[in-house]
Amino acid sequence: MFTELPAWRQAAADFKQDRKTTLREAFQADPGRAKAMSVEAAGLFLDFSKNLVSKKTMEDLFAVARACGLKEQIQAMFAGERINATENRPVLHTALRNRANTPVFVDGKDVMPEVNRVLKRMAAFSRKVRSGSWKGHTGKPIRNIVNIGIGGSDLGPAMAYQALKPFSDRKLRFAFVSNVDATHFAEETFGMDPEETLFIVASKTFTTLETMLNARTARAWLLKKLKSPKAVARHFVAVSTNAEEVAKFGIDTANMFGFWDWVGGRYSLPSAIGLPLMLAIGPARFGELLDGYHAMDRHFAEAPFERNMPVILAMLGIAYNNLAGAQSHAVLPYDQYLARFPAYLQQLDMESNGKGVDRQGRRVAYETGPVIWGEPGTNGQHAFYQLIHQGTKLIPADFIGFCKSHNPLGGHHDGLMANFFAQTEALAFGRTAEEVRAEGVPEALVPHKTFTGDRPTNTILAEKLTPAILGALVALYEHKVFVQGVVWNVYSFDQWGVQLGKALAAGIAPELTAEAKPRLAHDASTNALVRRYRKVNGRA
């Protein structure tokens with residue numbers, strides 16, 4: 001366990017000592033602190049100087065990472081070793097954006113030719129749809145594109161489409177359906193003409209319960225107007241590896257785009273799962289996204305830990321999680337286009353490191369993954385920032401901002417970024433009772449207007465939100481999660497916790513709809529709830 005390492009004990013001792021010094025005192029004692037605790041890579045600038053750590057503690061934390069074999073684990077991942085041991089798979093999302101095109105081997109076979117082949121097929125299809133040469137069953141061009149998926153097959157493309165809207169073809173309307181709740185499908189397709197609508201069904205096995213239920217609903221919605229089953233082949237494409245099921249559904253397997261079992265769903269945006277994004281922004285811009293991913297991948301693989309952005313963020317997170325008792329971590333993008341970024345990171349982080357068993361199958365004796373949450377600024381400032389500033393919980397936060405806006409209207413962006421810079425300053429340094437009194441505040445209000453400060457933040461700044469910058473941002477957090485999984489000694493690339501609920505739901509579903517009274521064998525609470533549901537729906 002990392003908690004038994006001498007380097008960890010040293011880090012714990014130094015971190016405890018750091019907490020005796022306020023950030024005000026730390027900055028006053030070291031005028032070069034901000035410069036020394038900043039790093040730049042792949043178009044991103046990270047200032048981590050407003051954290052409750054000294055340079056010495058950072059050195060301790062890097063020593064912990066080395067003692068946990070992080071360098072070797074990084075090399076193993078990029079080399080295609082089977083580091084996803086519970087599923088006996090390599091972890092090679094980095095191969096999807098390997099712009100250097102250097103060989104990447106899995107079981108002795110270079111995967112890059114196949115990766116490039118799929119990208120070329122995606123590009124060719126995207127050009128047809130975007131140009132209008134791909135026609136629907138009645139000869140009309142496609143104007144609506146609906147992605148049907150769930151989890152990584154939805155969150156990644158939906159987040160990235162929202163983030164890169166300025167680069168999208170606005171003549172096309174995009175929608176993303178994931179929830180098995182019929183309301184999601186009904187509202188997302190409301191007002192669409194089936195003759196002009198293309199569905200992308202994203203499911204590796206083409207058997208995912210939620211995705212296939214929505215896909216069948218989409219097919220029925222289409223055929224209600226177009227009547228002929230032949231229409232399915234012109235209005236549906238698949239992102240899958242199960243050709244048999246795809247063909248059975250009515251989709252031409254020539255329009256099936258594959259990916260691989262060494263790509264986890266939450267890491268799959270650069271694969272064929274990103275097809276709706278390529279349709280939106282075009283193949284060239286999608287290539288720029290991959291360039292950004294690759295730039296951060298190379299930085300992560302090559303930079304020394306002391307200047308390695310993902311390693312720095314990861315080890316700071318471990319310090320707060322395991323030494324300061326922080327239960328959550330906020331991600332606060334100051335750009336409306338990144339509104340879905342915190343939700344995307346929730347799956348990336350919590351599905352990866354939300355584990356209570358280590359790689360040896362033992363219950364862990366320490367905290368692992370934190371709760372990830374956040375909203376865009378400045379909306380969050382008028383919602384939950386009060387708790388971050390003056391509440392009783394320690395909540396480390398990442399602030400993400402951009403020097404230039406895609407919509408430079410009036411003084412909006414300057415006002416947005418003034419808040420961006422002010423919030424990290426206020427969280428770090430607060431306001432003392434003496435400063436409040438000096439403003440003439442009545443004594444009874446002084447405690448209420450005093451801010452303790454010493455609330456830790458990271459500031460991530462880029463020139464502008466572009467496809468390359470988005471790729472670098474996503475890769476930054478992917479690698480941060482990987483580093484933390486290595487130190488916590490958990491497998492970050494499986495998600496067995498998702499399976500139990502799915503299995504139980506498969507058994508309950510027929511009990512809800514059976515004409516004859518089913519024999520229920522659940523616990524008393526679940527049995528009673530199922531009976532109540534059946535009664536309300538006239539099936540008692």
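Rings of Phe, Tyr and Trp (its six-membered ring) count as a pair if their centres lie within 6.5 Å; planes under 30 degrees apart make the pair stacked, over 60 edge-to-face, and the rest tilted. Welcome to a predicted model, where local features need pLDDT of at least 70, side-chain atom pairs count only at pLDDT 80 or more, and totals for chains, interfaces and linings use all residues. Residues are numbered from 1 along each chain as its sequence is written, and side-chain values use heavy atoms, leaving out hydrogens and water.

**Aromatic pairs and a cluster**
- The pair rule gives a count of 27 aromatic pairs.
- Phe185 and Phe199 are a stacked pair, 6.4 Å centre to centre with 15° between the planes.
- This pair links distant parts of the chain, 14 residues apart: Phe185 is in helix 9 (residues 182–188) and Phe199 in strand 7 (residues 197–202); helices (H or I, at least four residues) and strands (E, at least two) are DSSP runs numbered from the N terminus.
- One aromatic cluster is formed by Tyr334, Trp373, Phe384, Tyr385, Phe399, Phe420 and Phe421.

**Burial**
- Buried means under 20% relative accessible area, exposed over 50%, and partly exposed in between (1.4 Å probe, protein chains only).
- Phe185 is buried at 5% relative accessibility, and Phe199 is buried at 0%.
- Phe206 and Phe249 are both buried.

**Charges over rings**
- A charge sits over a ring if NZ of Lys or CZ of Arg is within 6 Å of the ring centre and within 35 degrees of the ring normal.
- The charged end of Arg219 sits over the ring of Phe249, 4.2 Å from its centre.
- Trp134 has the charged end of Arg234 over its ring, 3.9 Å from the centre.
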